[in-house]
Every structure is written in structure tokens, then in C-alpha cells.
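Please view the sequence and the model before reading on.

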Amino acid sequence: MENILVQNVGKHEGENVKLNGWVYNSRRSGKIGFLLFRDGTGIMQCIIVRNDVGDSVFDEFKKLTQETSISVQGEVVKNDRATGGFELLLSDFEIHHLIDGYPITPKDHGTEYLMNHRHLWIRSKRQHSILRIRHEIIKATRDFFDSNDFTLVDTPIFTSNACEGTTTLFETEYFGESAYLSQSGQLYGEANAMAFGRQYNFGPTFRAEKSKTRRHLTEFWMVEPEIAYCDLEGNIEWAEKLITFIINRVIENRKVELEVLERKVDDLKKFTGNFPHISYSEAVDMLQKGGFNFEWGGDFGSPEETYIAKQFEKPVVVHRFPTAIKAFYMKRDPENENVVLGMDILAPEGYGEIIGGAQREDNLDFLLERIKHEQLPQDEFEWYLDLRRYGSVPHAGFGMGIERVVAWICKLPHVRETIPYPRMIQTLRP
Ligand code: 4AD
Ligand code: MG
């Protein structure tokens, strides 16, 4: 007999099949038993009837406890009222590991307890759905770039320089010298773009974020396209297309999971297409009119981002930030040197920045000036400066934080649920 997966039962209507998995829940009502069976791809209802299987099998069924591992066997039958539209008429089952007292029960547990049991919590329906959507978002991201002629070029995690400022660097001893865990692969991505034209790098990035917020992890995954012969406007267009592509994919392939999370597909659909664009200066006007005591030159915090995003239905692109608050590598606007050609994309519903990017400074002298001004060690950037010495071209790119996107698409209150094993200031275990 063939072993199949819950997510494929629909293809086996009327057949006798076997599935391997765990007990999600089991109960009895007189001579009928109901089992919610999970196998990692979904949850399916199984029905067992005492008169069909006999007393000994039915008595064995009575022993089942939550998270006992079992294999089930039976006929796939259609039932429109069952989750997934099908259920299994149990003829037999085999217990692999009968357990007593699973630590996570359907009752309410506190967040701290659940976080300490993260290795088990990920079996729960909600957490499982979030992580399946995370996978879909990552897959969609890769498919988007792969189908648009980008090459995936990996960047290192041990580095000798800082990409995003020195305050959040994780330092580690590296055979007698200091190394830093990568905050962003961008600088290497720029070298890759000069070699491959369109490249993306995708990996874990690290920042010693010292404050507790619902948007910051110390280890998070970032996808970073970097594109040669591309300006700020072209960069924004790639970002808009990427987000639209991701949302459409999630809607298409993760209906069941969105339903578990009570995330409405119609709301997600509204977030696709061309986004509104506003300059930083326009955003500042907006804040001031909205009663914020905010002056031109400041950096937006979470309340400012939320307010700006609230003015629009779709994600909003904010561009041309003050030079002083942005990274050394951003190109100054040739029309106004007080601002750089950077852009952030702010997600609706209070999720804030999900993408940060820029057209890069391609002029060697301007770049040197910024490195000196920021008091960065020029030696460590010599290789990067070579990119402006040998065949420099206009180029741009951005970084999208996967966890921020997962939190937004799943409408989660905190980024800790967006990654299997979150790392935060006080969270290193499990
Ligand atoms: O805006 P950031 O700092 O930009 C960069 O690192 C650029 N070098 C990227 C590039 O242009 N190639 O970070 C990019 C994105 C943010 O918009 C956010 O989504 C995410 O990374 N991010 C975080 N996500 C979770 N926890 C944190 N501590 C994050 N810091 C940034
Ligand atoms: Mg940013």
C-alpha cells in the first residue's frame, strides 16, 4: 500500500491508503471515534467505527493521546464539511510511540512558556501555518529573481568590515584577529553585480539590536538584489514587482494556512500593484500636519512609520532621505546634495519598514569623502573602492527582511513567530 501525505489526499479518493504522522487530537462519541491526524503537511480527520473495526482495535484507539506517533490506514472519502474536503475511514492503525502528558495542550499557555518550548510549539496549527507561509515567501522570492535573469551569488558571514554602522556589530575572535558577523551582504553584492549584472544574495544577517521591539531580531534573513545599470526608480520598480509576486504566490498556494491565521485574501490583494511614492520631505510635511513634533533631518521611528503608512492602502515608498542619517554608500542626489537616492518601503497596518535600499554612490571621490566623514577604516574598504576604480557604473539594490514580510503577510503581533528559532536580546534557547 502506498504511503501518502495529507496535502495530497484529494488525489486518492476511494483508495485505501496509509499515512505516517502524529495525533493532533482524538475523541470518542459512543461507538465512533474521531481522530485529527497531522503529518506535517496538513491535518485530516479520521473516523473509526467500532462495528467496522472490532472491539480490540477500537479499545486500542481509546489509548491515543495528543502527539502520539502513529500510522493510519483506511479509505479516503469525500466530506465537504471536513477541513481539506476529505477524511479517512480508518480500518487500522499502528502506534509507534504512545506518550503521556504532552507539554503543550489546547489550553492557553503564556508566551514565555511557549517560547521555551519552541521546539514543540512549531507543531501547533498556527505556528505550523506561519512557517509554511514563510517557506512559500522564500520560495516565491527565489523564483522571482531566478525567472528574471538574476544569479544567486552567496556572500560571506564572517567579515572584516561593517556595512550598516558599527553600533550593532557582533564581534568574534577569528584566529587572532577580529571578525564581525555580516549585517548585510550588500557590499559583496555590489562586487557581484559588476561580475554578473543582476545578482541576489540571500542569507542570515546579524545585528546586536539592544532594544526589545516587536520588529527586531538579532539574527534575521535578508534577500538582497543588486543590479548593475540601474537607478533609484528602476530599483523601486523591482521591489514593487517582488512584493506583488510574493503576495500572489501566497494567496495561490497557502489558502489553508491563511485561513488558519484568519488573514483575509481580499485584504492581501489590495497590497499588490504599483505603490504610492513620496519623498522624505513630503513625509515630514505629512507628519507635521498630523500633529507630530518632527523636524526635517530626523530619522523615522516606529510611530512615524506607522502614521505615514496609514495614509495609504498599499505599501508606500519613501525616497530621498537626508544624507546625514543614511549609510555611506548611498548616492547623493545630483539635484540636491542634502539628500541621498535611498528608499524605504513601509508596509501598511503598522508593520513599518520591510525594504531598505538605494542607488549606490558610484563616484570614487564622493565615496572616499563619506568613508572619511563616517570615520570608517578605509583600509578595510579598499576592495570595495576597486569597484569604483575599474568599470564603475550606476547601480542599485535593496534588502528585504524576510521576517518583517512574514509578520505583515500573516498579520502577526510580533516578529518572534516568523522564524523557527528566533534570536533576540534575551532569547538564545532552544
Ligand atoms: O534597511 P537595512 O538596514 O538595509 C541594509 O542592510 C542594506 N544594506 C540592504 C541593501 O540595500 N542591500 O535592512 C534591510 C531590511 C529592513 O528593511 C528590514 O526589513 C530588515 O532588513 N531588518 C531587520 N529585520 C529583522 N530584525 C532586524 N533587526 C532587522 N534589521 C533590518
Ligand atoms: Mg533601513
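The model is predicted: local features require pLDDT of at least 70 and side-chain atom pairs count only at pLDDT 80 or more, whereas totals for chains, interfaces and linings use all residues. Residues are numbered from 1 along each chain as its sequence is written, chains are lettered from A and ligands numbered from 1 in the order in which they are written, and side-chain values use heavy atoms, with hydrogens and water left out.

**Domains**

An automatic or database domain assignment divides the chain into domain 1 (6–97) and domain 2 (118–417). Their C-alpha centres are 45 Å apart. Contact, meaning heavy atoms within 4.5 Å, links eight residues of domain 1 with five residues of domain 2.

**Ligand 1**

Ligand 1 is surrounded by 23 residues, each with a heavy atom within 4 Å of the ligand. The closest are Glu164, Gln186, Arg207, Glu224 and Glu353. The table gives polar contacts, which are pairs of N or O atoms within 3.5 Å.

| Residue | Atom of the residue | Distance to an oxygen atom of ligand 1 |
|---|---|---|
| Arg207 | polar side-chain atom | 2.8 Å |
| Ile354 | backbone N or O atom | 2.9 Å |
| Arg360 | polar side-chain atom | 2.9 Å |

On its own, ligand 1 has 630 Å² of accessible area, of which the protein covers 94%; such areas come from the Shrake-Rupley method with a 1.4 Å probe. Two or more residues of the shell are given by each of β11 (219–228), β16 (352–359) and β17 (395–401). Strands are DSSP runs of E with at least two residues, helices are runs of H or I with at least four, and both are numbered from the N terminus. The largest share, five residues, comes from β16. By class, the shell holds seven nonpolar, eight polar and eight charged residues; Asp, Glu, Lys and Arg count as charged, Ala, Val, Leu, Ile, Met, Phe, Trp, Tyr, Cys and Pro as nonpolar, and the others, Gly among them, as polar.

Helix α11 (residues 302–310) has Glu304, Glu305, Thr306, Ile308 and Ala309 buried, that is, under 20% relative accessible area (1.4 Å probe, protein chains only). These buried residues pack against several elements, including α10 (280–289), β13 (316–322) and β16.

The loop between β16 and α12 (364–373) contains Glu361. Glu361 is buried, with a relative accessible area of 2%. Not counting residues up to four places away in sequence, Glu361 touches Tyr329, Met330, Lys331, Arg332, Phe366, Leu367 and Arg388.

Terms used:
A polar contact is a pair of N or O atoms within 3.5 Å; within protein, one must be able to donate a hydrogen and the other to accept it, and residues adjacent in sequence count only if both atoms are side-chain atoms. Buried means under 20% relative accessible area, exposed over 50%, partly exposed in between (1.4 Å probe, protein chains only).
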